[in-house]
Amino acid sequence: MKHIVFILLLFFVCCLSFEPYGWAQDSFPKDPLDNIAQIMAQNSSVAQIDIKSPILSVKPPSLHKLDKKDTYIKITGYKTFTYLAKFLLDGESPLNFYPITLRDDALSIKISGKLKNSLNLEGNLFNMKVPNEDEDISFSVKADSMKDKRFELTLGNYTSSFEGSRFSLIDKSLCGVKLKAGYKNIDGTIIYSTPRGYPKREKFKGNNTQGPFQLSHIPVVYNSERVKLGEGLDLKQVKKGTDYEIDYEEGTITFLYRVITERENIEVDYEYSPSSSKDVLYGTKINVKVTEFLKFGIAYVDEQSLQPDREPVRVPTSYPKKQSIIAFNNELTLGEYLKLESEIAHNEVRSEKIEAESEWQETRTDGNAYRIDSKTNLSNFSLNTHFRRTEPNFRPIGKTNFGSDMLNWGADINYKPIELLELTGAYDDLKEKQVHGILRNSILKQEINREAGIKITASFLKEISYRIDAEDEYQNREQSRWSRSHTTKIEKEFKYLTLGTNYKIVQSSRLKVKSEYNVVGFSLATNNIRFITLSSNLENERNSPQDPSEDSNEMRGNASISITPHKRYLCSGNASLVDNSLNGRTVVANASYRATPIDKFKTDGRYQIEELKRTSTEKKITTHTGSFRFELEPVKRLRLSYKPNIKFTSSKEDRKRLYTSKSDLYELLWQPNKYISTGYNYQTRKIRSYETSFWKSKKRGHAYKLRVAPTQSISFNTEYRAKKDDRIWGESNYKHENKDNLDFSAHLRIHQKAQLEVGYDYEKYNKEVIDTIDTKTVTHGLRSKLTQDINSYLAIYGLSSYKKKYGQDPFISLTNSSLNISIFSPGAGVMIRWNNILNSELGYKFEKSTGDDDNFIETVNFDLSINHKYVQFTIRTEYKHSVDPYYRTSEIGANLRLEM
């Protein structure tokens, strides 16, 4: 029955979403296929397939600009499916062969345009296993002006909630399709997606540092976190990039520009994505506006696991296999005076429980949820109330504060009898039953929060206010924590300056241990100054617990300044101080800048100093971290960049550094004309650590590329790469590794139907590790390939290569350090082409090794490439047969790419 209701709702919304077929016919050119075929014919070439990287890189065809005014569309992107497998058919596996099977897919779509001046198309969809934070990972099609019709389509990764409903779908990270449509007084939403992760909530205290703070589950779903920060129950949400940074792979959160004290609470709602997650979620929501005063809605959402993880160690005792929620909500509005919202929801959950001897037993439960919210505005008086109740077996979907078996009610009031006076008050009561431990005892948790305040805005003062807060927490009907605070605040605003002061008294008790502390604060901020923004605050806290030995005094301070003399220049800095007589001292200073003095030069950077000292006997540790960037473009096609990074930790008492890391990256890109392009980069990194035992690492690497194409028939390519890695740990352990590569190739078209490719390869590899045999290998290689076209469909080729190896090859011998090996490899093949759409190649070659290694290897390969309109498909198969040692292997690589 539920699925029938869902299908009917889906059909109903779709009928409201679309006009007749002809509405988008003018969006495309009359005959785009001729243009696409012409573009593909001009840019066509034989696909070069590498079994190590089977993805075929082909530039997407571009559509010509459309002639119709206010109607255009531009879609670019691709969807790839990649498969790679290596099999050992017979014999012993060679040393450099590892049987493996891999599958991967990627999606990237960019779209922009407008259809008949009514639909806006814009966005970028990017989805891979490793998220890229610089990419927007969803796009939408949205109606701009369609009279009474409303339409929006979202594809890819997005975060969604059902409007008007707080029990069905709340702030859930999804990957799939979302369709929103409306006609006159009806709006509908349809979702069919895969959940990107499982929700998780964590709370922890600050530690007088900026972090990093470690989350318990990784990897974190990109952009799924909601971070709140504050004291007691008064938590406020902070912003990524402005207040904190997060590493999604490692699951760490680092706060910016300020220290998180030990009295502050950090609450993180996020979703993590286990590798075994294979769930599907679909649902719909319809809102109907009956009159100007009355609205109602119906929602249905279903989430089910396609492949549950049944490992008892990794899952809780109850694993939700499928759950569905149906909810009804309505809204009554009487002008600006009264607004009533109500909702009722029913939830069914089918779970699997672990019984004795790891046996699984399916169970079914259901529960209900209710809520009533009201907002009243009468002249200078406003009152908001809320009542929420969830039954024991109700499970909401998404990130929400509504748990199972919860009762929450409260109200907040605001009254302004005269213009200068404002009175506020709030009350919130939360009761929740939780199941803990093996005995599964039902524990009643209750939190009560009350506050009242008064604020006066006199003409001679910006603000004078007083607020009282009371917080109580109960476990099993016994009070486990309470807090009472009184806060007075005064602010005075001058022409260019605002001064403020505050005084706070806090009395608290946790587990029947009472404490009291007083806070005196002072703040200063600039205003009405065009180029400079300055703010600072200073607080002193005196803590008086029951135990005199824990009596402490804490000084907290923060100052920040930002200077913007011109739109090309920006510099800012801030400093934080926490000095506690018991818990030590923390000082953090940050400075950053951004400058573009001329159009051809820009630079930016950031530097941070953190100083920690926990106890009087502990050493003072200072950490410096800096990253900078300098870019210069002296001429139009020449760009130079330099990116240094530094980090070191030192102890002032010992006058030595405990850890040092420094890296430098130099890059040069130059294209003097359309025939020549070149690039060069050089990177170094040095690391030294004394924290556990002496350890040092030094890495260097550089690469040089040059391409010269004086004519369409001749091109030369050169690339040189070098890497060096030196590591020393302990007193006598070391590792030394050098690797140099040089590749040179030339492409010559000797006449209209024949082309020749010749190349030279050089590799030098040295590796020294203590208590092992040194590896030193030098390889020279020559290669050539001659291709002859028989006709427009058929071509044959012959190839040959010769390699000479000196020294020790770790894949052939680990004992002989003076190997001398010659490898000769001739081969031939045939290629079939058809209208630049199909390319096929069948080839055969053999390798004959002589010298210190006598071996014979046969290789047969078959490659197929299809490039038709927006579809590219490639497949490569390779079969190898070796005589001594004997083995037979096969490799298969396939890639499907859909261009747009």
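# Strands, rings and cores

Leaving out residues up to four places away in sequence, Asp302 touches Val280, Leu281, Tyr282, Lys322, Gln323 and Ser324. Touching, or contact, means heavy atoms within 4.5 Å. This is a predicted model: local features need pLDDT of at least 70, side-chain atom pairs count only at pLDDT 80 or more, and totals for chains, interfaces and linings use all residues. Residues are numbered from 1 along each chain as its sequence is written, and side-chain values use heavy atoms, with hydrogens and water left out.

Where does Asp302 lie? Its place is in strand E17 (residues 294-305). Strands (E, at least two residues) and helices (H or I, at least four) are DSSP runs, numbered from the N terminus. Asp302 is buried, at 1% relative accessible area. Buried means under 20% relative accessible area, exposed means over 50%, and partly exposed lies in between (1.4 Å probe, protein chains only). Ser324 is 22 residues from Asp302 along the chain, and their C-alpha atoms are separated by 4.2 Å. The side chains of Asp302 and Tyr300 are joined by a polar contact of 3.3 Å. A polar contact is a pair of N or O atoms within 3.5 Å; within protein, one must be able to donate a hydrogen and the other to accept it, and residues adjacent in sequence count only if both atoms are side-chain atoms.

**The whole chain**

The protein chain has 49 strands and 2 helices. It holds 900 residues, and 36% of them count as buried. Take the contacts between residues at least 6 apart in sequence: 52% of these join residues at least 24 apart.

**The nonpolar cores**

In soluble globular proteins, nonpolar side chains tend to be buried together. A nonpolar core is a set of buried Ala, Val, Leu, Ile, Met, Phe, Trp, Tyr and Cys residues joined through side-chain atoms within 4.5 Å. The largest core here has 19 residues. Which members touch the most others? They are Leu215, Val227, Tyr244, Ile253, Phe255, Ile266 and Val268. Strands E9 (198-205), E11 (226-231), E13 (244-247), E14 and E15 (264-272) each give two or more residues to this core. E15 gives the most, with 4 residues. A second, separate core has 17 residues, including Leu281, Ala327, Ala345 and Ile397.

Now look at Leu215. Beyond its neighbours within four places in sequence, Leu215 is in contact with Glu202, Phe204, Val220, Gly251, Ile253, Val268 and Tyr270.

**Aromatic rings**

Rings of Phe, Tyr and Trp (its six-membered ring) pair if their centres lie within 6.5 Å; planes under 30 degrees apart count as stacked, over 60 as edge-to-face and the rest as tilted. The count comes to 15 aromatic pairs.

Tyr666 and Tyr682 form another pair. Their ring centres are 6.1 Å apart with planes at 35°, so this pair is tilted. It links distant parts of the chain: Tyr666 is in strand E37 (residues 656-673) and Tyr682 in strand E38 (residues 676-689), 16 residues apart.

| Residue | Relative accessible area | Class |
|---|---|---|
| Phe213 | 7% | buried |
| Phe255 | 2% | buried |
| Tyr666 | 36% | partly exposed |
| Tyr682 | 23% | partly exposed |

Ring pairs also link Phe204, Phe213, Tyr244 and Phe255 into a cluster.

The rule asks for NZ of Lys or CZ of Arg within 6 Å of the ring centre and within 35 degrees of the ring normal. The charged end of Lys492 sits over the ring of Phe494, 5.6 Å from its centre. Lys785 lies over the face of Tyr797, at 4.6 Å from the ring centre.

**Gly829**

Tyr797 returns here. Apart from neighbours within four places in sequence, Gly829 is in contact with Ile796, Tyr797, Leu842 and Gly843. Gly829 lies in strand E45 (residues 819-834). Is Gly829 buried or exposed? Gly829 is buried, with a relative accessible area of 13%. Asn861 is 32 residues from Gly829 in sequence, and 9.3 Å from it in space, C-alpha to C-alpha.

**Cysteines**

A disulfide is a covalent bond between the sulfur atoms of two cysteines. Here, a disulfide counts as a pair of cysteine sulfur atoms within 2.5 Å. How many does the whole structure hold? The search finds 0 disulfides. Cys175 is partly exposed, at 24% relative accessibility. Cys571 is partly exposed, at 33%.
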